[in-house]
Amino acid sequence: MFAESSELALRQLAAALREQLAPAEQFVLHLTGEASIFTRFNGGLVRQSGAVQDARYQLHFFRDGKTCWRNFAGGEDQVPPIASILEDLRQEIDLLAPDPYAVLPKVAQTSRHSQTGQFPTDPAAILEATTGLDFTGLYACGTVVRGYADSAGSEHWFSAETFTLDYSLFDSEGRAVKGTYAGSHWQAAEYQRQIAASRQQLAQMQRSLKSIERGQYRTYLAPAAVADLVGMLSWGGISEADLQQGQSALALLRDGRQLSPLLSLQEDFQGGLVPSFNDHGEIAPVQLSLIDRGQLVNTLVNARTAQEYDRVSNGANSSESLRAPSLATGQLTREQILPELGTGLYLSNLHYLNWSDRPTGRITGMTRYACFWVEDGEVVAPIGNLRFDASLYDFWGANLLAVTDFAEYVAAVDSYGGRSLGGDLVPGMLVKDFTYTL
Amino acid sequence: MQNIIANSPVQPEQLDALLADLPITADWVGLRWVKEVDDLRSMRDGLPQSNGRTINQGIMVEVLVDGQMGYGATNSLSTAGIGKAAQLAYQQAVNAKAYGLHRSQPRPTVVGQYRTAAQVDRQSAGTINELMSEICQQLKVADSIVQTRVMINQRTIESFYVSSNGSHIYQQVSLLVSDFGATAQSGNITQTRSNGGLSSHCFQGGWDYFQTADLWARVERIGRQAVELLTAEECPTTTTTLVLDPDQMLLQIHESIGHPLEIDRILGDERNYAGGSFVRPTDFGHLVYGSPLMNVTFDPTISDEFASYGFDDSGTPATKEYLIKEGKLLRGLGGADSQARSDLPGVACSRSCDWNRAPIDRMANINLEPGNSSLDEIIGSIELGIYMESNRSWSIDDRRHKFQFGCEYAKLIENGRLTKTLRDPNYRDVTPKFWGNLIAVGNADTWRTYGSPYCGKGEPNQMIWVGHGSPVAAFANVEVFGGS
């Protein structure tokens, strides 16, 4: 219902805009929206629960080589006052300087993706599996929509009915494990299996914390931890504009430095979990290799950057961030992880990452949740949280020893402004000499 | 469909009438309407990057049923749209009441209003763009400057809160956020200098807070310092006395005092996302958080500080309170719900970032109160140390213990004087030890206010604006280090 009415409203608004434009004027219109239910848990009980229906348009207006925009509410029964919005934009654009890199709509393209789902909306369905557990987290479910239309006639639509359950289980000493269950169709048996597995993992934490001295350790990074590291590439990493403007941690790769041949990263939209159209109405290639066996072969380039730096756009979004990252798997089997780690640290999750020295690719952050000290291939004890500070040129370079032969889908659970879509498909990694500083 | 509250400002009679006509019967109902008008303009290298306005308005209906609160939020502002939100809120409360963590009570009846004290004006798009272009030109003090940038953001947020037991609160805040900076490059060395770190110039007020008398001096200094950093020595790796400028103290206070004192974190609400706290409920009134020089307040009453307000989003009147006095922890950052759940003293800090998010415990203005030392006295008392300005990197663990910060610019302190410029300065420490080593606090002459529009927390996530005022402060025995 929400998706259908939003799609209709977008088309009607785009049609009205096309009618009201003067010949020298052009527009690009985006719609972002959701009809979601959020239930927040603490201690196995409901802390807060609510429903949000939110639809917002962003209208970019172009004339005489200049551009400006307005954001305003949309939605099922909202008819935006488009004539007055256009008049406001016309008045403002006269006051602005030309924008030589403004990306004007040129070619009419269309795409449509609509995915239905089925999932519970009642907290009872979540809590039936968590009896006796200190269960905390957020269950979010509902419809997420993204739409695009422009004055050249392009129209793109994406809607998905999805759920994400992002949770932690704690014991009485504050030790915790993390889990995520996400998808479009809720499978009660699968959910119960996952909670049971988390419960078992928490039981493994029931040993005294081992204090680890700062230093360098052989380290296994589980897929969720790898996803956090990959996420840093969306912030001063893989963006062509950032490289051109001296803001990228990958500048050394552009200058010829190479990472490990075990590392290959691509954007892969085959899963259909995120829109493949971008803010300019371009469709991204289904697959785009970015790092191939350690070599930077492509960066993310949007049409604006392409114009400014004489590059070819590959359909990247406005921030040239990763939307559907996929890291290649390797040879390390699940059974080999602990024996190959030998003595060192097993990290399930990381926390609060930031560049500590971006030009040299150095990242700092914390360990979090189920992280263990391992000796001779045997888990000895959970560890207290450690701070790491290490360069990607080391841990994805000569220090990368092995990549697992399986990958896990780490769903995006962020909800700043609205629910995120998609996630990362990433394997685990074994590295040597990972540096811990505090 | 009648769009009943599209024309701002909303009149109280409209919300009262809405409240009376909602298609639900509950123990208590609150309506919180929010409208934000947000102008964002930016330039890079003298060319426009963004010029636009967001008009964002919506309404949250909060419903209490048998002790359980549920909410429904919508920006479909018709009678039907708001009625649907109320029904969804009611359903959420009914579904959750068998599993409620805390039995909520109707919120108290409060009537009042608050407006930003300063006269607020908005400049035209043309005027702002001309000024931004001039700033970009002035930042480029040398050919080695490879990028200049400037951003100016003016926001006006109106909210109206009414409840079934007679509350009427109107608030209007006007916020100004700005940032500018320059990046210099020489060979493989790149250095960026900005106006106090990431979007730290945050005020409640109008244009006067951007176009200050010292604007052009700051612009020139930032360009010059970006170039200066290219040939500066790396910050040494050592343990020394660290002096922090207020523009770095803002994040130090935020991460290692503000967040750990949030009572909802202490109660475990945030353990799955932002994290918990090393502070325990039993610590209030007892814990020695830092040295006796440490006096920290929650103060939403400073007229031009970024996160001032008259009432929080649960309707509690806002007052200044000491969180830490002479180093001892007195009070946490917990709104009415958290105070009831924990039986701890709190403050009026139950805040939501928008109409579509429920209030939770947030910082507002968290300030380190001034001490007695002048800047010259502090620097003059240090034989060997490092002075750092302007945050560029931040990270802290989920219980707010182990932190690491990086800054843009530093000076070596030798024999009581600021000497060499240092690049890539970083420091790391553990919260109680660090604050225990607070050895000097600057006087009111060194006190400045900053803020951030980017404080993230909550599930679903909320990004909210916070203010931090601080004098210069000095800390003994801190690990400092440089780049690779």
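**Salt bridges, chain contact and cores in the predicted model**

A salt bridge joins the side chains of R214(A) and E479(B), with an N to O distance of 2.9 Å. This pair crosses between chains: R214(A) sits in the loop between α4 (188-204) and β8 (215-221) of chain A, and E479(B) belongs to strand β24 (residues 473-481) of chain B. R214(A) is partly exposed, its relative accessible area being 43%. The model is a predicted one, and the values reported here were computed from it.

A further salt bridge between the chains is formed by the side chains of D357(A) and R392(B), at 3.8 Å from N to O. In total, 10 salt bridges were counted between chain B and chain A. Polar contact between chain B and chain A involves 58 residue pairs, with both residues at pLDDT 80 or more. On the side of chain B that touches chain A, the largest share comes from strand β2 (residues 47-65) of chain B, which supplies 10 residues. By class, that side of chain B is made up of 28 nonpolar, 40 polar and 23 charged residues.

The size of an interface is often given as the accessible area lost when the parts come together. For chain B and chain A, the area buried between them is about 7000 Å², and 43% of it lies on carbon and sulfur atoms. Within chain B, the residues that lose the most area to chain A are Y99(B), R271(B) and N272(B); together they account for 11% of what that side buries. The contact draws on 91 residues from chain B and 85 residues from chain A.

Over all chains, the structure holds 58 salt bridges. In chain A, the side chains of D171(A) and R175(A) form one of them, with 2.7 Å from N to O. D171(A) is buried, at a relative accessible area of 11%, and R175(A) is likewise buried, at 14%. In chain B, K320(B) and E369(B) meet through their side chains in a salt bridge of 3.8 Å, N to O. K320(B) is placed in the loop between β11 (296-298) and β12 (321-325) of chain B, and E369(B) in the loop between β16 (366-368) and α8 (375-380) of chain B, so this pair ties together parts that are 49 residues apart in sequence. K320(B) has a relative accessibility of 36% and counts as partly exposed, whereas E369(B), at 15%, counts as buried. Salt bridges that share partners also form one network, which joins E25(A), R63(A), D64(A), E87(A), R90(A) and D94(A).

One member of this network, R90(A), is located in helix α2 (residues 82-93) of chain A. The relative accessible area of R90(A) is 18%, and because the limit for burial is under 20%, R90(A) is classed as buried. Apart from its neighbours within four places in sequence, R90(A) is in contact with Q20(A), L21(A), A22(A), E25(A), F61(A) and R63(A). Two of these contacts, E25(A) and R63(A), are also joined with R90(A) in the network.

Two further positions in chain A were examined. F2(A) is part of helix α1 (residues 2-20) of chain A and is buried, with a relative accessible area of 6%. The C-alpha atoms of F2(A) and V145(A) are separated by 8.8 Å, although these residues are 143 residues apart along the chain. G272(A) lies in the loop between β9 (265-268) and β10 (287-292) of chain A. With a relative accessibility of 17%, G272(A) counts as buried. Its C-alpha atom is 9.7 Å from that of S114(A), a residue 158 residues away along the chain. Not counting residues up to four places away in sequence, G272(A) touches H113(A), Q115(A) and F158(A).

The largest nonpolar core comprises 76 residues, among which Y427(B) and W435(B) touch the most other members. Beyond residues up to four places away in sequence, W435(B) touches M249(B), Q252(B), I253(B), S256(B), I257(B), Y289(B), G290(B), S291(B), M294(B) and F475(B).

Methods. Residues numbered from 1 in each chain as written. Chains lettered and ligands numbered in written order. Predicted model: local features only at pLDDT ≥ 70, side-chain atom pairs only at ≥ 80, totals over all residues. Heavy atoms only, no water. Core = buried A, V, L, I, M, F, W, Y, C linked by side-chain atoms within 4.5 Å. Buried < 20%, exposed > 50% of the residue type's maximum accessible area, 1.4 Å probe, protein only. Contact = heavy atoms within 4.5 Å. Helix = DSSP H or I, 4+ residues; strand = E, 2+ residues; numbered from the N terminus. Buried area = accessible area lost by both parts, 1.4 Å probe. Salt bridge = Lys/Arg side-chain N within 4 Å of Asp/Glu carboxyl O. Polar contact = N/O pair within 3.5 Å; in protein donor to acceptor, adjacent residues only side chain to side chain. Nonpolar A, V, L, I, M, F, W, Y, C, P; charged D, E, K, R; others polar.
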